[in-house]
Amino acid sequence: MKKLLILCKVVDNFGDIGVVYRLCRAISEQNDEYKISLVVSCLDSFSKMADEIDPSLEHQVFLGMDVYDWNASDLCKKQFESDVPEYILECFQCGRPDWLEEIIFHPDFNKVVKIINVEYLTAESWADECHLLKSGTRSANVKKMNFFPGFTNKTGGLILDENFISCRNDRLYSVKLAEESLGKSFMDFIHLDDENHFNVLLFSYPMDFSFLVKALNEMSLKKKVSVFVANGAGKESFMKVSSLLEKNISLVELPYIPQKVWDALLTLMDFAFVRGEDSFSRSCLIGKSFAWNIYPQDEEYHFVKLIAFLERMKPFFSESCFSLIREFFVLYNFDLSRTLGDDALDALTGFDFPKSREEHLSRMEKLCLGMFNANPDLDSMFFDFSESILQNGNLAVNLLDFMKTY
C-alpha cells in the first residue's frame, strides 16, 4: 500500500480542517491504495467536528488514518525519517513543519517526493490558469504542483464525499442522521415539509445582527420561524441582540456538531448564513438559498473573490433575483470602518455604498427579508447552480487520477 501524507495548518478555526477532514474521507472512499497520515496543527479544532479525536494525543488512529499533532516534532521526525511518503498534500499553502523540512531537504536525502499544494477555493479566473501549475523547491528531489478546487471543468472541482451526497439527495437520511445525533426533541424545531415554517441557520463572523433580527421578526408575521445559531465567532454578537426576537420565534443554540451531522443540518434549512470554506462549498453544492460571509482580507481584497463568485452564479439567476443576492452579499461583507483597496474598488465599480451605519443596517434588513420572501424561487436558481458544479466531478477522484500521472 502506498503512503500519503496530508498537512493541515489551522488558520480559520474550522474552515481549513473542515475541508481537509472531508478530503481525507473522500479519498479513502474512492481508493484503498493509499494509507493516509494526517498532520494537523490544531487538534482541538479537529475534535469539534469529529468527536473521536483526542486533542491531547500526539498520535492516534481515526477512520483508518494515522493522525499526528503537527507540533510533536520528535515523534513525527522519528516516524517519517526513514519512510517519507512519496506524495504529500500541502493544503492551502500551509508550508511544512520544521521536522519535515529537516528530513526532505537534508543533504543525504535521495528519495523523490511529490508535493501537491491543494489550494483555497476561489472563483477567480486565474484558478483555471494555475491549476496543475508547477512550483519550484530548493531540491531536485522535491517536486511541487498546484491543485485548485473550483467551479469550472478547468479546475479540480469540489469534494463529494459519500455522506454529503446522501444528505443532499435523501432528506430522510438527513433527518435520521440529525435526529440520532441531536435528539428527537431538537428535531421538533424543524418542521419539515411545512410551507408555513421557515428554518434559518446562522454561522457567521461577528457583526451587528440587528438587521437580521428585524428581518426575522417581519418574517414571523407570515410563517413560524426557527433560528439555529452555530457555535463559533459570530454566535456571541448574534446573542447580544437575540432578546429583540419576537416571542413566537424559536431560537436554538447549537452545540459543536460532527461534520457529517452538519451536512445533514445544512440540507434541512430554508436559508443558511455560512462562513468558512467547507460550509461555503457545501452550500454551493446543496442547491438551497444561502448567504456567504467571506473571510476578510487586507485592503478588503475579499471583495474581488466575492464578486468573482457572484459572476459564476449570475447565469443561473433571474436579473431581479441576482440583483437582490449581489447587493446583500456585498453589504453583508461590508465594513464602514475599513478602507477599500484599489482592487476592491475596481471589483465594486458602480456599487452604491451606504453612507452611514443606519443606512447599512436598514438596507440589509430589507434585502434579507426580500431573500426570505423569494424562497423557494431562489432555491430553484441555487439548485441549478449546484447542478453545474457537480458536472465538474469529485475533487478527490480528480486528485487521485492526477496522482497516477504525476
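Predicted model: local features only at pLDDT ≥ 70, side-chain atom pairs only at ≥ 80, totals over all residues.

Residues are numbered from 1 along each chain as its sequence is written, and side-chain values use heavy atoms, with hydrogens and water left out.

Let me start with the rings. The structure holds 39 aromatic pairs, where rings of Phe, Tyr and Trp (its six-membered ring) pair if their centres lie within 6.5 Å, and planes under 30 degrees apart count as stacked, over 60 as edge-to-face and the rest as tilted. Phe151 and Phe385 are a stacked pair, because their ring centres are 6.1 Å apart and their planes stand at 25°. This pair links distant parts of the chain, 234 residues apart, with Phe151 in the loop between strand S8 (142–147) and helix H6 (162–169) and Phe385 in helix H17 (residues 377–390). Helices (H or I, at least four residues) and strands (E, at least two) are DSSP runs, numbered from the N terminus. Both Phe151 and Phe385 are buried, and buried means under 20% relative accessible area, exposed over 50%, and partly exposed in between, with a 1.4 Å probe and protein chains only.

How does the pair of Phe271 and Phe372 compare with those definitions, and what are the angle and the distance? Phe271 and Phe372 are edge-to-face, with 5.4 Å from centre to centre and 75° between the planes. This pair, too, links distant parts of the chain, since Phe271 is in strand S12 (residues 271–275) and Phe372 in helix H16 (residues 357–374), 101 residues apart. Phe271 and Phe372 are buried as well. Ring pairs also link residues into a cluster, whose members include Phe151, Trp292, Phe309 and Phe385.

Charges can meet rings too. The charged end of Arg138 sits over the ring of Phe105, 3.8 Å from its centre, where the rule is that NZ of Lys or CZ of Arg is within 6 Å of the ring centre and within 35 degrees of the ring normal. Arg25 likewise lies over the face of Tyr21, at 4.8 Å from the ring centre.

Now to the strand. In strand S9 (residues 197–202), 6 of the 6 residues are buried, so S9 is largely enclosed by the rest of the structure. In a regular strand the side chains alternate between the two faces of the sheet. Here His197, Asn199 and Leu201 point one way from S9, and Phe198, Val200 and Leu202 the other way. S9 pairs with strand S10 (residues 224–229) in the parallel sense over 6 bridges, and two strands pair if DSSP finds at least two bridges between them. The bridge partner of Phe198 in S10 is Val225. S9 also pairs with S12 in the parallel sense, over 3 bridges, and there Leu201 stands opposite Ala272.

Finally, the backbone. Most residues other than glycine have a negative phi, and most peptide bonds are trans. Which bond is cis in this model? A cis peptide bond joins Asn375 and Pro376, with omega about 15°, and Pro376 is found in the loop between H16 and H17. Glu299, although not a glycine, has a positive phi of about 60°, and Glu299 is exposed, with a relative accessible area of 58%.
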